Amino acid sequence: MRIIFSILFLFPLFCKSQNTAKHASQLDSLKNVIRNAKHDSIIINSWKEWDNIVYLQNPEEGMKMNYYMDSLCTLRLLNKLSKKEKYYYTKNKAYALNSLSLYYTNKADLEKAVQLLLKSKKLYEKISYDKG
């Protein structure tokens, strides 16, 4: 009985440590990609992937990645862009705001969550993106 209990107790810890090591390796790779990125789209996609890796275990870090995406997209949207670039940055800004609304929902800050969700919806409508 003790052996079964020990296995049941230690197995989740073992799995978590494997995931943590795997995630650390993935995050190190993403840091390297971001550091050497030659285009903003690579950075934005890396931040998205980073968020997907950490959002369950470290929501604050995932939230930070979405704020980075929002800031970079906002900055780029101030420039003269091609139609394709404007669509890309608007879509990713909407994605970041939508993700941030989920984080604020989980933190029970519903007022902030709704504000972000409405901003996201407005941006998705602006580019006629119906999957957002």
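Tutor: On the face of H5 turned away from its buried side lie the exposed residues Leu-110, Glu-111, Leu-118, Lys-119, Lys-122 and Lys-126; exposed means over 50% relative accessible area, buried under 20%, and partly exposed in between, with a 1.4 Å probe and protein chains only. The model is predicted, with local features needing pLDDT of at least 70 and side-chain atom pairs 80 or more, while totals for chains, interfaces and linings use all residues. Residues are numbered from 1 along each chain as its sequence is written, and side-chain values use heavy atoms, without hydrogens and water.

The buried residues of H5 are Ala-113, Leu-116, Ser-120, Leu-123 and Tyr-124. Because they cover an arc of only 100° around the axis (taken from the directions from the helix axis to the C-beta atoms), they sit on the same side of H5. These buried residues pack against helix H4 (83-106), where contact means heavy atoms within 4.5 Å.

H5 itself, residues 110-126, has 17 residues and reaches 24 Å from its first C-alpha to its last, close to the 24 Å expected at 1.5 Å a residue. Ser-128 follows H5 and has a positive phi, near 55°.

H4 also meets helix H2 (residues 40-54): the two axes come within 12 Å and cross at roughly 20°. H2 and H4 are therefore roughly parallel, a term for angles under 35 degrees. On the H2 side, the residues making this contact include Ile-44 and Lys-48, and on the H4 side they include Tyr-88, Tyr-95 and Tyr-103.

Note on methods
Helices (H or I, at least four residues) and strands (E, at least two) are DSSP runs, numbered from the N terminus. The expected span of a helix is 1.5 Å times one less than its number of residues. Axes are lines fitted to C-alpha atoms, for helices over the stretch in contact, and angles run from 0 to 180 degrees between N-to-C directions. Angles under 35 degrees count as roughly parallel, over 145 as roughly antiparallel, 65 to 115 as roughly perpendicular and the rest as oblique.
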